[in-house]
Amino acid sequence: MFTLAGIPDKQQEGSSDDHPLHLNEEEPTDLEAFLSLLYPETFQEEHTVEEWISCWRFALKWQFRVQQELAKKNLMVIASPVDKIILARMFEEELGGWLVDAFRDMARRPAPPTLLEGCRLGVDDLVIIRQLCH
């Protein structure tokens with residue numbers, strides 16, 4: 001599967017059915033969401049924000065560029081401003097550009113952040129949102 005400098009006379013992980021590639025470090029939900037993207041049960045299947053985040057994480061780690069872009073496009077549409085802030089903080093290099101718009105969207109909302117949103121964001125982000133309101 002992968003071309004790696006190996007140890008002579010030793011099969012590399014992922015080189016054959018007898019020596020499969022183990023995904024021990026992967027979250028089962030990330031792999032499940034990613035596979036549901038590749039092999040949908042129906043062509044109109046809807047995915048949740050959490051499923052798209054799982055797809056994004058898996059595609060990013062394993063360098064599936066097309067699926068990464070698909071997850072990113074869908075997250076742009078369905079993720080809340082709070083989700084976008086959290087994602088931009090977690091994946092600053094790839095999604096850091098989402099912060100400004102997400103903070104602006106939060107500041108323009110007629111209602112303040114809920115208690116749950118505040119817990120998810122943290123004090124620093126709540127202060128930034130409050131400062132943008134004035």
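A: The answer below begins with the chain as a whole and then turns to the core.

The model is predicted. Its protein chain holds 8 helices and 0 strands, so that the order of elements from the N terminus on reads α-α-α-α-α-α-α-α. Of the 134 residues in the protein chain, 31% are buried. The chain exposes about 9600 Å², and 56% of that area is supplied by carbon and sulfur atoms. Where contacts link residues at least 6 apart in sequence, 44% of them join residues at least 24 apart.

Within this chain, the largest nonpolar core comprises 25 residues. Trp 56, Leu 75, Ile 85, Leu 87 and Leu 121 are the members with the most contacts inside this core. Two or more residues come from each of α1 (28-38), α2 (49-61), α3 (65-78), α4 (81-90) and α6 (98-108). Among these elements, α2 gives the largest share of the core, 6 residues. In terms of domains, at least three core residues are drawn from domain 1 (26-78) and at least three from domain 2 (81-133).

Leaving aside residues up to four places away in sequence, Ile 85 touches Leu 99, Ala 102, Phe 103, Met 106, Leu 121, Asp 125 and Ile 129.

Definitions and conventions: Residues are numbered from 1 along each chain as its sequence is written. This is a predicted model: local features need pLDDT of at least 70, side-chain atom pairs count only at pLDDT 80 or more; totals for chains, interfaces and linings use all residues. Side-chain values use heavy atoms; hydrogens and water are left out. A nonpolar core is a set of buried Ala, Val, Leu, Ile, Met, Phe, Trp, Tyr and Cys residues joined through side-chain atoms within 4.5 Å. Buried means under 20% relative accessible area, exposed over 50%, partly exposed in between (1.4 Å probe, protein chains only). Helices (H or I, at least four residues) and strands (E, at least two) are DSSP runs, numbered from the N terminus. Domain bounds come from an automatic or database domain assignment. Contact means heavy atoms within 4.5 Å. Accessible areas come from the Shrake-Rupley method with a 1.4 Å probe; for residues, only the protein chains shown count as cover.
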